[in-house]
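Me: I'd like a close look at one part of this protein, namely how its inside is packed. Here's what I'm looking at.

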Amino acid sequence: SLKKKKKQAVSILEHFSIFRKRTQSVSISFETGCSYVCTMIDTEAASKAKAVENFADLSFGAEFADIQVLSNAQVAVYLKATEDRANERDEELHDVYKKAMKYANRFNTMSNPEKNSQELVDELDNLQEALTSFRKETDEGEELELHQAEVAALMNLVATDTLVEEAVALIPSLARFAEAAVDEILDLVRNTMIRIVS
């Protein structure tokens with residue numbers, strides 16, 4: 001059965017989600033006592049989840065209702081901070097942790113080794129907040145907002161030269177916004193990327 005993480009005191013580590021793999025259950029503990037469990041998922045449960053979830057329609061299973069979605073850049077910064085603390089204490093990181101860090105770094109489009117981690121955290125958190133609070137009203141008076149999965153996808157996939165058509169092709173659910181609104185959204189991401197890499 002799946003184990004759910006309990007709410008912890010606010011810390012940089014509370015952002016980590018449960019890693020799921022087809023392996024034996026493995027517990028990874030960090031200095032705050034947070035514990036994340038890798039649990040075996042049977043094929044029947046996985047196929048049921050796929051039937052319910054559809055990113056293009058922003059339809060996700062109930063287990064994703066209370067989860068904050070992070071970008072690869074955010075995960076990379078958080079994992080690096082924890083790695084640094086582990087190195088200071090001469091502690092060995094678990095293989096699952098190392099694989100997650102390798103993946104996050106490989107697909108991290110918002111990095112700059114010359115900036116300290118707090119600067120990056122601030123920039124990324126500010127961008128996430130700006131995208132999360134973005135609102136646009138349609139001609140019919142309906143207020144549209146970005147889903148947290150779209151926010152993370154935008155932070156992962158958008159480059160400084162991404163066009164509206166490309167963004168909608170990568171994230172089809174953005175088609176519900178007018179082109180001008182999508183361009184506004186892209187500007188938020190572009191501006192942050194430029195500040196981070198410059």
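Which of the 30 residues in the largest nonpolar core touch the most other members?

Reply: Keep in mind that this is a predicted model. In the largest nonpolar core, which has 30 residues, the ones touching the most other members are Met110, Leu131, Leu146, Leu154, Leu174, Phe177 and Val189. Helices H2, H4, H5, H6 (164-170) and H7 (179-197) each put in at least two residues, and H7 gives the largest share, with 7. Take Leu146 from that list: leaving out residues up to four places away in sequence, its contacts are Leu131, Phe134, Val151, Leu154, Leu174, Arg176, Phe177 and Ile185. There's also a second, separate core of 8 residues, with Leu79, Ala86, Met101 and Ala104 among them.

Now on to H2. This helix covers residues 72-88 and spans 24 Å from first C-alpha to last, close to the 24 Å expected. Just past the end of H2, Asp90 has a positive phi of about 60°.

Ala76, Val77, Lys80, Ser111 and Leu120 are the closest to its centre, out of 15 lining residues. By type, the lining splits into 6 nonpolar, 6 polar and 3 charged.

Terms used:
Residues numbered from 1 in each chain as written. Predicted model: local features only at pLDDT ≥ 70, side-chain atom pairs only at ≥ 80, totals over all residues. Heavy atoms only, no water. Helix = DSSP H or I, 4+ residues; strand = E, 2+ residues; numbered from the N terminus. Expected span 1.5 Å × (residues − 1). Core = buried A, V, L, I, M, F, W, Y, C linked by side-chain atoms within 4.5 Å. Buried < 20%, exposed > 50% of the residue type's maximum accessible area, 1.4 Å probe, protein only. Contact = heavy atoms within 4.5 Å. 1 Å grid on protein atoms, 1.4 Å probe; cavity = no way out; pocket = protein on both sides within 12 Å on 5 of 7 lines; lining within 4 Å. Nonpolar A, V, L, I, M, F, W, Y, C, P; charged D, E, K, R; others polar.
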